[in-house]
Amino acid sequence: MIKKELGLGLLLVVISAITGAINPAFLSLVNLLNMANLIGLFGVFALGEGLVIITGGIDLSLGSMFALLGVVFVDLLTTYQVPWPIALLAVLLGGLTLGGIQGFLITRLKMQPFIVTLCGLLIYRGAARYYTTDSTRGFGYGDEAGALSDIASGNVAGVPNSFILLIILALILGVLLHRSVYGRWLYAVGKNEEAARFSGISTNIVIATAYIISGGLAGVSTVLFVFYTNSVSPSSFGNFYELYAIAAAVLGGCSLRGGEGSILGIVLGTALLQVLQNLVNILGIPNSLNFAVMGTVILIGVLADHQLQARRRRKLALAGLARTAPRSTLVQGQQGASPRGADALPVRTGDQA
């Protein structure tokens, strides 16, 4: 994975340099801090999506989950005047619960992750629109959660708190994925779930916890996005955000077949995606083509992964042939020399009798 991450980092530097050469405003401090904020906002839930993809699954419900959790969060603060720590805890528990339900359906009822999360995409969005009668929820001019707003949308020495939170979560999940037994289980399940089960790994628990972590990070992202937009429209809030997460994970080296990926790669993929979108804006490409650019990025990432997998299989096949060739030559030499060798052996006395 080190080669992928180095290549991705080099690509990020090259594209940033090209964008800066086209428009020097790209390298301005204001633009860089704004991009850091966006990288933090989108990177948090992209980490959860990456863990799910490593297990060989996919989560299409993230954007709709934002809408449902977002309207509930705003309603708790404004309509019911719930203290913000309780409202924050409710949103986080809601994300964990939704992720747990999806994990249960996938592992216990053996449903396909694509179908389960696609149904979640439709159900959560529909529930959010029904709950609000398709109306927008916002904070207005009140100060319902001033302290939490300062934490979510503030900064430390100019660096956005969302970006700092992304770095902290990336370090924690990096240790979990790359330095723990659970991380090895994730990779094993993604490579071959049946073989992992026969090896004694509780594959159902591993897969379910990946969806639970993804749901929890979705709850964290919901709070960040609510204070970033200050309002939640259930029909458009978080719309297609799951595509951003999938694109960031694929760009970061996560294989949609499962069993591959890294936390650093997901963070770099998120950063590259934001740089590409900034480049689109600088080149004057209409915003309506953003999704076209996103789809192209995902397609290129999948094609690159397919080519790398094919190249790796060819290398393994050639290495296997190289190992077996000397052995087969030796066997053939022994078979060719055996008749004469048998004739040259002395005959024992018992055989003569």
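**Notebook: predicted model, 353 residues**

For the protein, I noted a mean pLDDT of 86, with 90% of residues at 70 or more.

Ground rules: this is a predicted model, where local features need pLDDT of at least 70, side-chain atom pairs count only at pLDDT 80 or more, and totals for chains, interfaces and linings use all residues. Residues are numbered from 1 along each chain as its sequence is written, and side-chain values use heavy atoms, with hydrogens and water left out.

**Overall form**

The C-alpha atoms fill a box of roughly 115 × 50 × 35 Å along the principal axes. Of the 353 residues, 46% count as buried (under 20% relative accessible area, with exposed over 50% and partly exposed in between; 1.4 Å probe, protein chains only).

**Salt bridges**

I searched the whole structure and found four salt bridges (a side-chain nitrogen of Lys or Arg within 4 Å of a carboxyl oxygen of Asp or Glu). One of them joins Asp75 and Arg137, with the closest N and O atoms 3.3 Å apart. Asp75 is in helix H3 and Arg137 in strand E1, so this pair ties together parts 62 residues apart in sequence. Asp75 is buried, at 5% relative accessibility.

I also looked up Glu260 and Lys191, which meet at 3.6 Å, N to O. Glu260 sits in the loop between helix H11 and H12, and Lys191 in helix H8, 69 residues apart. Glu260 is buried at 5%, whereas Lys191 is exposed at 54%.

Arg129 and Asp134 form another salt bridge, at 2.7 Å. Arg129 is partly exposed at 35%, and Asp134 is partly exposed at 41%.

**Leu224**

I placed Leu224 in helix H10 (residues 203-229). Leu224 is buried, with 7% relative accessibility. Beyond its neighbours within four places in sequence, I found Leu224 in contact with Leu41, Val44, Ala152 and Leu165.

Definitions and conventions
pLDDT = per-residue confidence, 0-100. Helix = DSSP H or I, 4+ residues; strand = E, 2+ residues; numbered from the N terminus. Contact = heavy atoms within 4.5 Å.
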